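Welcome! Take a moment to look it over before you start on the notes.

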Amino acid sequence: MSFTNELNLKQGVFFFAEKDKLKLQSGREFGPISVTYETYGELNTDKCNAILILHALSGDAHVAGKYNEDDKKTGWWDVMVGPGKPFDTNKYFIICSNVLGGCSGTTGPSSIDPSTKKPYGMTFPFITIEDMVNVQHALVKSLGIECLYSISGGSMGGMQALKWAQMYPEMIQSVIAIATTTKLSPQAIAFNEVGRQAIISDPSWNKGDYYGKKDSP
């Protein structure tokens with residue numbers, strides 16, 4: 001039976017505002033950035049029991065549980081996160097955030113550009129796994145956590161976990177990278193391009209400027 005995430009509902013925090021913008025791997029400065037995240041369990045006094053879970057391309061911050069008993073679906077990794085489960089919320093403080101560029105609360109193409117008051121759309125900057133990790137790093141630090149007990153993710157989440165190990169090794173004690181790789185194969189890149197072309201070929205695509213329109217994809 002899945003536990004109900006009653007105490008740790010979606011939370012949000014802002015980073016990289018005003019002059020303190022995030023320098024993306026591309027060299028562009030970007031901000032402000034809103035991050036949506038969820039936590040499960042309790043952070044201990046020493047703040048040494050935190051585990052960061054990183055979602056795959058199609059995931060979000062809702063890793064486990066239900067918001068209320070009427071919800072039909074639980075979080076995407078409910079089988080792994082909860083009391084008595086492998087990521088035991090009786091022992092560990094679990095953090096999961098929606099990635100930069102996501103569509104589930106964290107700043108992405110559908111977010112409002114402060115300079116135009118319209119959705120970013122295709123003007124949203126090109127981002128990388130490194131950029132996602134830097135935003136997650138800011139989130140973890142804002143919670144007063146200096147070292148993570150572990151970090152875990154699968155697929156694109158696993159890529160983030162590997163990048164965390166490369167960029168911030170002093171902040172993590174262990175990494176659980178699942179079904180992932182350090183780079184995509186030519187075949188995987190080709191499949192991604194097929195997906196992009198399917199979206200772009202939609203008559204309602206309108207060069208990415210489809211927000212608010214009746215026939216939005």
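Contact means heavy atoms within 4.5 Å. Keep that in mind for helix 2 (residues 156-167), which lies across strand 5 (50-54), strand 11 (150-154) and strand 12. Everything here comes from a predicted model, and its average pLDDT is 91 over the chain.

- A pLDDT of at least 70 is reached by 94% of the residues.
- The exception to keep in mind is residues 1-7, where pLDDT stays under 50. The model has 19 contacts beyond four places in sequence for this stretch.
- Where pLDDT is low, the predicted coordinates should not be read in detail.

- In what order do the six strands of the open sheet run? They follow 1-4-8-5-11-12, and the pairing is mixed.
- Strand 1 (11-15) and strand 12 (175-178) are at the edges with a single partner strand each, so one side of each has no neighbour in the sheet.
- From one strand to the next, the twist averages 25°.

**Walking across the strands**

- Start with strand 1 and strand 4, which pair in the antiparallel sense over five bridges. Here Gln-11 has Tyr-37 of strand 4 as its bridge partner.
- Next, strand 4 (residues 33-40) joins strand 8 (residues 93-97), again in the antiparallel sense, over four bridges. Look for Tyr-40, whose bridge partner in strand 8 is Ile-94, and for Thr-39, which stands opposite Ile-95.
- Strand 8 also pairs with strand 5, this time in the parallel sense, over four bridges. In this pairing Ile-51 stands opposite Ile-94 of strand 8.

**Strands covered on both faces**

- In a regular strand the side chains alternate between the two faces of the sheet.
- In strand 4, eight of the eight residues are buried. Ile-33, Val-35, Tyr-37 and Thr-39 lie on one side, while Ser-34, Thr-36, Glu-38 and Tyr-40 lie on the other.
- Why is strand 8 largely enclosed by the rest of the structure? Five of its five residues are buried, so the strand is largely enclosed. Phe-93, Ile-95 and Ser-97 are on one side, with Ile-94 and Cys-96 on the other, and both faces are covered.

**Helix 2 against the sheet**

- Helix 2 runs at about 145° to strand 11.
- You can check its length yourself: at 1.5 Å a residue, its twelve residues should span 16 Å, and the end C-alpha atoms are 16 Å apart, which agrees.
- Which residues of helix 2 are buried? They are Met-156, Gly-157, Gly-158, Met-159, Gln-160, Ala-161, Lys-163 and Trp-164.
- These buried residues pack against strand 5, strand 11 and strand 12, and also against helix 1 (129-142).
- A handy rule when viewing helices: an α-helix has 3.6 residues a turn, so residues three or four places apart point the same way.

**Aromatic rings**

- Rings of Phe, Tyr and Trp pair if their centres lie within 6.5 Å, and by this rule the count comes to ten aromatic pairs.
- One of them is Trp-205 with Tyr-210, a tilted pair at 5.7 Å centre to centre with 40° between the planes. Both Trp-205 and Tyr-210 are buried.
- Elsewhere, ring pairs link Phe-30, Tyr-120 and Phe-124 into a cluster.

Technical notes. Residues numbered from 1 in each chain as written. Predicted model: local features only at pLDDT ≥ 70, side-chain atom pairs only at ≥ 80, totals over all residues. Heavy atoms only, no water. Pairing = 2+ DSSP bridges. Helix = DSSP H or I, 4+ residues; strand = E, 2+ residues; numbered from the N terminus. Axes fitted to C-alpha atoms, helices over the stretch in contact; angles between N-to-C directions. Expected span 1.5 Å × (residues − 1). Buried < 20%, exposed > 50% of the residue type's maximum accessible area, 1.4 Å probe, protein only. pLDDT = per-residue confidence, 0-100. Phe/Tyr/Trp six-rings, centres within 6.5 Å; stacked < 30°, edge-to-face > 60°.
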